[in-house]
Amino acid sequence: MERLFDSEALAGLLAARQYGEIRLNLIDLNEADIAALIEELNEEDMRMVYRILPKDLAADVFSYLEVESQQAIINSLSDQEAAGIIDSLWTDDAVDFLEEMPANVVEKLLANTSPETRRAVNQLLRYPEDSAGSIMTVEYVALKENFTVDQAIQHIRSVGLDSETVNICYVLDAQRKLVGTVALRYLLLSGADEVIGDIMHGNVISINTLMDQEQAAAQFKKYDFTAMPVVDNEERLVGIITVDDIVDIMEEEATEDMEKMAAILPGDKPYMRATVGETYRKRIPWLLLLMVSATFTGAIIASFEEALSVHAALIAFIPMLMDTGGNAGGQASVTVIRGLSIGEIRYRDVPRIVWKEVRVAALCGLTLAAANFGKLLLFDRVGVSVALTVCLTLTAAVLVAMLVGCLLPMGAKKLGFDPAVMASPFITTIVDALSLLLYFRFAVIILGI
């Protein structure tokens, strides 16, 4: 069986200075696989291998590299060579790279690129961050509605290599307004003299340049497209977004939501690239806020200190009640936040959600209370009154926690905040305080403390 070309083989050829052999092996690989191999090399070898690649292949590989590797390669090239790489990238990939570079480097690179590249990059850079306009590409196939099929195919042949996709072509009127789309397969199956305006699909689904990228991703999911046109406020076509960009956005948004749900300020750097200081600054604000808010829990316990000294057995069950309430609230919040993020849940669904959570909480609370009641009597050997106090609190805490867990994210969404902020750590702090208040209220009623 033929041995695959891997990082070990690449390192061996580099050590033997077999550069021609390296080139022959690499040109048969996929661009993403070449980038993965290069990433495993040290910086000097990485630059060496990159220079070995054919020019066109090198440009394709560049877009798959991590930002640090891209910067290392750019820094090793002359201004003209670096500008050549920028010129060869799709515009959206070029913008993604330039946004990570220092401003003085960006100015120098753009000064040496072609006028067309400069115009396209500057057009995308002026759109708000995380908007559809900032992630679109301007390399697409546009057809006039009065073209014949034969004219359209000739036009595709002339511009297709410089377009990110030719599967879908976009039909414009004289004012460059988007009036329809036509798939390449329809062009190939239609008569040469048929007019584009007669065979195009007129009901066009488009995205506005100022739409948030997360909403744009939701549009792709809804319509199951591989590319979507981006229009300005006058319905003029200015670019397209392709599904490969949407995949990156979905990963970015999922990472951001996970960080918010873990009480971490979202950052734009992966964990391994972030410094200790940057990681510290992302985590400490929420830790400080949660620590301060947790002092309310301590204040509640302190206010019942005298009563607890009389019924010391109650102290042992405080952690269990707080943890169970926090876990129940966390389960409800994660479910609702997920539903909100994918559009499954809307604010008008609040009554249905509350009614559902009440029933779920009742079932969960009663099950936990029944299991705990037997444990308290058989193993902990406490009195019936103490067991009843703990179990009633447990049932009520689960109910309150689930209601808080589902209502807080929906309230945040209604007020325009990201519901992921109202996730487990924040809800747990609130539920802890409420669980203690319920616990001591039941203790007062049942035990008379």
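**Reading a predicted model, feature by feature**

Mentor: Let's start with a charge and a ring: Arg185 lies over the face of Tyr186, at 5.3 Å from the ring centre. A charge sits over a ring if NZ of Lys or CZ of Arg is within 6 Å of the ring centre and within 35 degrees of the ring normal. Arg126 is also placed over a ring face, that of Tyr127, at 5.5 Å from the ring centre.

Trainee: What should I know about the model before we go on?

Mentor: This is a predicted model, where local features need pLDDT of at least 70 and side-chain atom pairs count only at pLDDT 80 or more, while totals for chains, interfaces and linings use all residues. Residues are numbered from 1 along each chain as its sequence is written, and side-chain values use heavy atoms, with hydrogens and water left out.

Trainee: Which residues of helix H12 are buried?

Mentor: First, the general idea: an α-helix has 3.6 residues a turn, so residues three or four places apart point the same way. Helices (H or I, at least four residues) and strands (E, at least two) are DSSP runs, numbered from the N terminus. Buried means under 20% relative accessible area, exposed over 50%, and partly exposed in between, with a 1.4 Å probe and protein chains only. In H12 (residues 149-159), the buried residues are Val149, Ala152, Ile153 and Ile156. Their arc around the axis is only 95°, which puts them on the same side of H12; the arc is that of the directions from the helix axis to the C-beta atoms. Arg157 and Ser158, on the other side of H12, are exposed.

Trainee: What covers the buried residues of H12?

Mentor: The cover includes strands S1 (142-144) and S2 (168-172), along with helices H13 (184-189) and H14 (196-199). Contact here means heavy atoms within 4.5 Å.

Trainee: What is the order of the strands in the open sheet?

Mentor: Two strands pair if DSSP finds at least two bridges between them. The open sheet has three strands in the order S4-S5-S6, with mixed pairing. S4 (207-208) and S6 are at the edges with a single partner strand each, so one side of each has no neighbour in the sheet. Helix H15 packs on the sheet and touches S4, S5 and S6, its direction making about 135° with that of S5. Such angles run from 0 to 180 degrees between N-to-C directions, and axes are lines fitted to C-alpha atoms, for helices over the stretch in contact.

Trainee: How many bridges join S5 to S6?

Mentor: Five bridges join S5 (residues 227-231) to S6, and the two run antiparallel. By contrast, S4 and S5 pair in the parallel sense over two bridges.

Trainee: How do I read a pair of aromatic rings?

Mentor: Rings of Phe, Tyr and Trp (its six-membered ring) pair if their centres lie within 6.5 Å; planes under 30 degrees apart count as stacked, over 60 as edge-to-face and the rest as tilted. That rule gives five aromatic pairs. Tyr140 and Tyr170 have ring centres 6.4 Å apart and planes at 90°, so this pair is edge-to-face. The pair links distant parts of the chain, 30 residues apart: Tyr140 in the loop between helix H11 (132-135) and S1, and Tyr170 in S2.

Trainee: Is Tyr170 buried or exposed?

Mentor: Tyr170 counts as buried, at 1% relative accessibility.
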